[in-house]
Amino acid sequence: GVSSAGGGGVAQRTPEEEAAFVEQAEMDAAIAASLADQEALGGGGMPATVAGGEVAAAGVVSFMPGMDPTPATPAAPMVDLLGFGGDEPAPIVAQSPLELSPTQAITQESFQSMWESWGEGEKRTCGVPGVPPAEVLDAHLSSASIFTIASGDLPDMTKLFIFAQAAPGSVGGTFLAECNVMRNSLTVDVTLKTDSPANLMLFWLKLEAKFAEVRA
(Lines give C-alpha, C1' and ligand atoms only; values in the text may rest on other atoms or scores of the structure.)
Protein backbone atom coordinates (compact mmCIF):
# COMPACT_ATOMS: atom_id res chain seq x y z
CA GLY A 1 0.00 0.00 0.00
CA VAL A 2 0.86 3.65 -0.02
CA SER A 3 2.31 4.70 3.30
CA SER A 4 1.96 8.04 4.86
CA ALA A 5 4.66 10.68 4.72
CA GLY A 6 7.74 9.70 6.63
CA GLY A 7 6.89 5.99 6.31
CA GLY A 8 9.56 5.33 3.65
CA GLY A 9 7.01 4.72 0.82
CA VAL A 10 5.89 6.89 -2.13
CA ALA A 11 4.32 10.07 -0.87
CA GLN A 12 0.78 10.68 -2.04
CA ARG A 13 0.40 13.91 -4.17
CA THR A 14 -1.75 16.66 -2.97
CA PRO A 15 -4.60 17.76 -5.30
CA GLU A 16 -2.59 20.84 -6.29
CA GLU A 17 0.44 18.76 -7.19
CA GLU A 18 -1.67 16.32 -9.18
CA ALA A 19 -3.19 19.17 -11.25
CA ALA A 20 0.28 20.63 -11.96
CA PHE A 21 1.54 17.20 -13.03
CA VAL A 22 -1.34 16.68 -15.45
CA GLU A 23 -0.88 20.19 -16.92
CA GLN A 24 2.85 19.58 -17.47
CA ALA A 25 2.10 16.23 -19.15
CA GLU A 26 -0.39 17.91 -21.55
CA MET A 27 2.16 20.63 -22.43
CA ASP A 28 4.82 17.96 -23.11
CA ALA A 29 2.39 16.13 -25.40
CA ALA A 30 1.53 19.36 -27.29
CA ILE A 31 5.22 20.16 -27.84
CA ALA A 32 5.89 16.64 -29.08
CA ALA A 33 2.97 16.88 -31.52
CA SER A 34 4.25 20.22 -32.79
CA LEU A 35 7.74 18.82 -33.38
CA ALA A 36 6.23 15.85 -35.21
CA ASP A 37 4.28 18.20 -37.51
CA GLN A 38 7.42 20.19 -38.33
CA GLU A 39 9.27 16.98 -39.14
CA ALA A 40 6.43 15.89 -41.44
CA LEU A 41 6.74 19.19 -43.33
CA GLY A 42 10.42 18.69 -43.94
CA GLY A 43 11.61 20.92 -41.14
CA GLY A 44 11.26 24.67 -40.92
CA GLY A 45 7.57 24.60 -41.89
CA MET A 46 4.75 26.00 -39.83
CA PRO A 47 3.10 23.56 -37.41
CA ALA A 48 -0.39 22.39 -38.18
CA THR A 49 -1.73 23.58 -34.82
CA VAL A 50 -0.81 26.12 -32.23
CA ALA A 51 -2.04 26.65 -28.75
CA GLY A 52 -5.52 28.05 -28.87
CA GLY A 53 -6.57 26.81 -32.36
CA GLU A 54 -5.61 26.15 -36.01
CA VAL A 55 -2.76 27.88 -37.81
CA ALA A 56 -5.21 29.67 -40.11
CA ALA A 57 -7.07 30.96 -37.09
CA ALA A 58 -3.82 32.47 -35.83
CA GLY A 59 -3.45 34.43 -39.07
CA VAL A 60 -0.44 32.43 -40.31
CA VAL A 61 -0.22 31.31 -43.96
CA SER A 62 1.79 28.16 -44.59
CA PHE A 63 3.17 26.82 -47.90
CA MET A 64 3.98 23.38 -49.15
CA PRO A 65 7.69 22.46 -49.10
CA GLY A 66 9.43 23.90 -52.17
CA MET A 67 6.58 26.27 -53.03
CA ASP A 68 7.62 29.87 -53.76
CA PRO A 69 5.41 32.11 -51.58
CA THR A 70 6.02 35.09 -53.94
CA PRO A 71 2.94 35.63 -56.13
CA ALA A 72 3.63 35.22 -59.83
CA THR A 73 3.71 38.41 -61.89
CA PRO A 74 0.88 38.38 -64.47
CA ALA A 75 2.18 38.09 -68.01
CA ALA A 76 1.82 41.23 -70.12
CA PRO A 77 -0.89 40.92 -72.79
CA MET A 78 0.47 40.04 -76.21
CA VAL A 79 -0.04 42.40 -79.12
CA ASP A 80 -0.51 40.62 -82.42
CA LEU A 81 1.33 42.85 -84.88
CA LEU A 82 0.79 40.48 -87.79
CA GLY A 83 -2.91 39.85 -87.21
CA PHE A 84 -2.51 36.16 -86.34
CA GLY A 85 -4.83 36.10 -83.33
CA GLY A 86 -3.08 37.70 -80.36
CA ASP A 87 -4.84 39.15 -77.34
CA GLU A 88 -5.12 42.59 -78.95
CA PRO A 89 -5.52 43.52 -82.61
CA ALA A 90 -2.74 45.44 -84.31
CA PRO A 91 -3.41 49.16 -84.47
CA ILE A 92 -4.95 50.35 -87.71
CA VAL A 93 -3.33 53.38 -89.26
CA ALA A 94 -5.84 55.64 -90.96
CA GLN A 95 -4.91 56.63 -94.49
CA SER A 96 -6.26 59.28 -96.81
CA PRO A 97 -8.36 57.76 -99.62
CA LEU A 98 -6.31 59.76 -102.16
CA GLU A 99 -2.56 60.02 -102.00
CA LEU A 100 -0.77 62.02 -104.70
CA SER A 101 2.45 60.90 -106.32
CA PRO A 102 5.50 63.12 -105.69
CA THR A 103 6.83 62.26 -109.16
CA GLN A 104 6.27 64.64 -112.08
CA ALA A 105 5.44 62.27 -114.93
CA ILE A 106 3.51 64.47 -117.38
CA THR A 107 5.03 66.54 -120.21
CA GLN A 108 3.51 69.64 -121.78
CA GLU A 109 2.60 67.61 -124.86
CA SER A 110 0.80 64.88 -122.89
CA PHE A 111 -0.95 67.49 -120.76
CA GLN A 112 -2.29 69.27 -123.84
CA SER A 113 -3.39 66.01 -125.43
CA MET A 114 -5.33 64.93 -122.33
CA TRP A 115 -6.79 68.41 -121.81
CA GLU A 116 -8.22 68.51 -125.31
CA SER A 117 -9.60 64.96 -125.23
CA TRP A 118 -11.24 65.03 -121.77
CA GLY A 119 -14.14 67.33 -122.65
CA GLU A 120 -15.31 70.52 -120.98
CA GLY A 121 -14.49 69.51 -117.42
CA GLU A 122 -16.13 70.72 -114.21
CA LYS A 123 -16.14 74.26 -112.81
CA ARG A 124 -15.28 75.10 -109.18
CA THR A 125 -14.60 78.32 -107.28
CA CYS A 126 -12.89 78.91 -103.96
CA GLY A 127 -11.43 81.80 -102.00
CA VAL A 128 -7.77 82.69 -101.59
CA PRO A 129 -6.26 84.94 -98.87
CA GLY A 130 -3.88 86.66 -101.30
CA VAL A 131 -2.38 86.50 -104.78
CA PRO A 132 1.40 86.08 -104.74
CA PRO A 133 3.53 85.84 -107.90
CA ALA A 134 3.15 82.73 -110.07
CA GLU A 135 6.43 81.16 -108.94
CA VAL A 136 5.34 81.40 -105.30
CA LEU A 137 2.06 79.64 -106.11
CA ASP A 138 3.98 77.00 -108.08
CA ALA A 139 6.20 76.18 -105.11
CA HIS A 140 3.28 76.22 -102.66
CA LEU A 141 1.20 73.74 -104.66
CA SER A 142 4.16 71.47 -105.43
CA SER A 143 4.63 70.93 -101.67
CA ALA A 144 1.38 68.91 -101.90
CA SER A 145 2.48 67.04 -105.07
CA ILE A 146 0.35 69.32 -107.27
CA PHE A 147 2.64 70.46 -110.08
CA THR A 148 2.51 73.37 -112.53
CA ILE A 149 2.92 72.65 -116.24
CA ALA A 150 2.61 76.38 -117.21
CA SER A 151 1.92 79.60 -115.33
CA GLY A 152 2.05 83.39 -115.74
CA ASP A 153 1.14 86.69 -114.13
CA LEU A 154 -1.45 88.88 -115.88
CA PRO A 155 -2.70 92.33 -114.82
CA ASP A 156 -5.90 91.04 -113.21
CA MET A 157 -4.97 87.44 -112.39
CA THR A 158 -2.34 84.73 -112.09
CA LYS A 159 -3.05 81.83 -114.45
CA LEU A 160 -1.89 78.27 -113.69
CA PHE A 161 -2.18 74.98 -115.54
CA ILE A 162 -1.57 72.23 -112.99
CA PHE A 163 -1.68 68.45 -112.72
CA ALA A 164 -1.47 65.67 -110.15
CA GLN A 165 -1.47 61.89 -110.27
CA ALA A 166 -2.53 59.31 -107.71
CA ALA A 167 0.31 57.45 -105.99
CA PRO A 168 0.68 53.70 -106.64
CA GLY A 169 -1.85 51.79 -104.54
CA SER A 170 -4.06 54.85 -103.98
CA VAL A 171 -7.50 55.48 -105.42
CA GLY A 172 -7.76 58.02 -108.21
CA GLY A 173 -6.04 58.63 -111.52
CA THR A 174 -4.72 61.75 -113.28
CA PHE A 175 -6.09 65.21 -112.50
CA LEU A 176 -5.67 68.38 -114.60
CA ALA A 177 -6.77 71.91 -113.79
CA GLU A 178 -6.76 75.47 -115.14
CA CYS A 179 -6.72 77.96 -112.27
CA ASN A 180 -7.39 81.70 -112.65
CA VAL A 181 -6.43 83.39 -109.36
CA MET A 182 -8.28 86.72 -109.43
CA ARG A 183 -6.56 89.66 -107.75
CA ASN A 184 -9.57 91.91 -107.10
CA SER A 185 -12.06 89.33 -105.83
CA LEU A 186 -9.50 87.03 -104.14
CA THR A 187 -11.17 84.01 -105.70
CA VAL A 188 -9.89 81.13 -107.81
CA ASP A 189 -11.92 80.03 -110.83
CA VAL A 190 -10.99 76.43 -111.58
CA THR A 191 -11.72 74.06 -114.46
CA LEU A 192 -11.07 70.41 -113.50
CA LYS A 193 -10.59 67.41 -115.78
CA THR A 194 -9.76 63.80 -114.92
CA ASP A 195 -9.83 60.20 -116.11
CA SER A 196 -11.22 59.21 -112.68
CA PRO A 197 -14.50 61.15 -112.22
CA ALA A 198 -15.46 59.20 -109.10
CA ASN A 199 -12.45 60.64 -107.28
CA LEU A 200 -12.50 64.18 -108.68
CA MET A 201 -13.99 65.61 -105.47
CA LEU A 202 -11.13 64.15 -103.42
CA PHE A 203 -8.62 66.01 -105.56
CA TRP A 204 -10.65 69.22 -105.46
CA LEU A 205 -10.70 69.16 -101.64
CA LYS A 206 -6.89 68.89 -101.58
CA LEU A 207 -6.50 71.72 -104.08
CA GLU A 208 -9.00 73.96 -102.27
CA ALA A 209 -7.18 73.37 -98.97
CA LYS A 210 -3.84 74.44 -100.51
CA PHE A 211 -5.33 77.64 -101.94
CA ALA A 212 -6.74 78.45 -98.48
CA GLU A 213 -3.15 78.46 -97.14
CA VAL A 214 -1.82 80.93 -99.74
CA ARG A 215 -0.38 84.22 -98.49
CA ALA A 216 0.43 87.19 -100.71
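In this predicted model, F203 is buried, with a relative accessible area of 0%. F175 is likewise buried, and its relative accessible area is 0% as well. Both values fall under the 20% cut-off for a buried residue. The aromatic pairs of the model number five. One of them has its rings stacked, because the centres of F111 and W115 lie 5.9 Å apart and the planes meet at 10°. F111 and W115 belong to helix α2 (residues 108-117), where four residues, about one turn of the helix, separate them. F111 counts as buried, at 6% relative accessibility, and W115 is buried too, with a relative accessible area of 16%.

F175 and F203 make another stacked aromatic pair, with 4.9 Å from centre to centre and 10° between the planes. F175 is part of strand β6 (residues 174-182) while F203 is part of helix α4 (residues 200-212), so this pair ties together parts that are 28 residues apart in sequence.

Ring pairs join F111, W115 and F161 into a cluster. The ring of W115 also has a charged neighbour: the charged end of K193 sits over this ring, 4.2 Å from its centre.

Which residues of α2 are buried? They include F111, M114 and W115. These residues span an arc of only 100° around the axis, which means that they lie on the same side of α2. E109, E116 and S117, on the other side of α2, are exposed. What do the buried residues of α2 pack against? Their partners are the strands β4 (147-153), β5 (157-165), β6 and β7 (187-194). After α2 comes G119, which has a positive phi, near 80°.

Attention now turns to the nonpolar cores. The largest nonpolar core holds 25 residues, and C179, F203, L207 and F211 are those that touch the most other members. At least two residues of this core come from each of α3 (134-142), β5, β6, β7 and α4. Which element gives the largest share of this core? That element is α4, with five residues.

With neighbours within four places in sequence left aside, L207 is in contact with L141, I146, I162, C179, V190 and L192. Another core, of eight residues, lies apart from the largest one, and its members include I106, F111, M114 and F147.

Finally, how confident is the predictor? The average pLDDT of the protein chain is 77, and 63% of the residues score at least 70. Over residues 1-8 the pLDDT stays under 50, and the model has five contacts beyond four places in sequence for this stretch. The pLDDT is also below 50 over residues 43-65, a stretch with 18 contacts in the model beyond near neighbours in sequence.

Note on methods: Residues are numbered from 1 along each chain as its sequence is written. This is a predicted model: local features need pLDDT of at least 70, side-chain atom pairs count only at pLDDT 80 or more; totals for chains, interfaces and linings use all residues. Side-chain values use heavy atoms; hydrogens and water are left out. Rings of Phe, Tyr and Trp (its six-membered ring) pair if their centres lie within 6.5 Å; planes under 30 degrees apart count as stacked, over 60 as edge-to-face and the rest as tilted. Buried means under 20% relative accessible area, exposed over 50%, partly exposed in between (1.4 Å probe, protein chains only). A charge sits over a ring if NZ of Lys or CZ of Arg is within 6 Å of the ring centre and within 35 degrees of the ring normal. pLDDT is the predictor's confidence in each residue, from 0 to 100. Contact means heavy atoms within 4.5 Å. The arc is that of the directions from the helix axis to the C-beta atoms. A nonpolar core is a set of buried Ala, Val, Leu, Ile, Met, Phe, Trp, Tyr and Cys residues joined through side-chain atoms within 4.5 Å.
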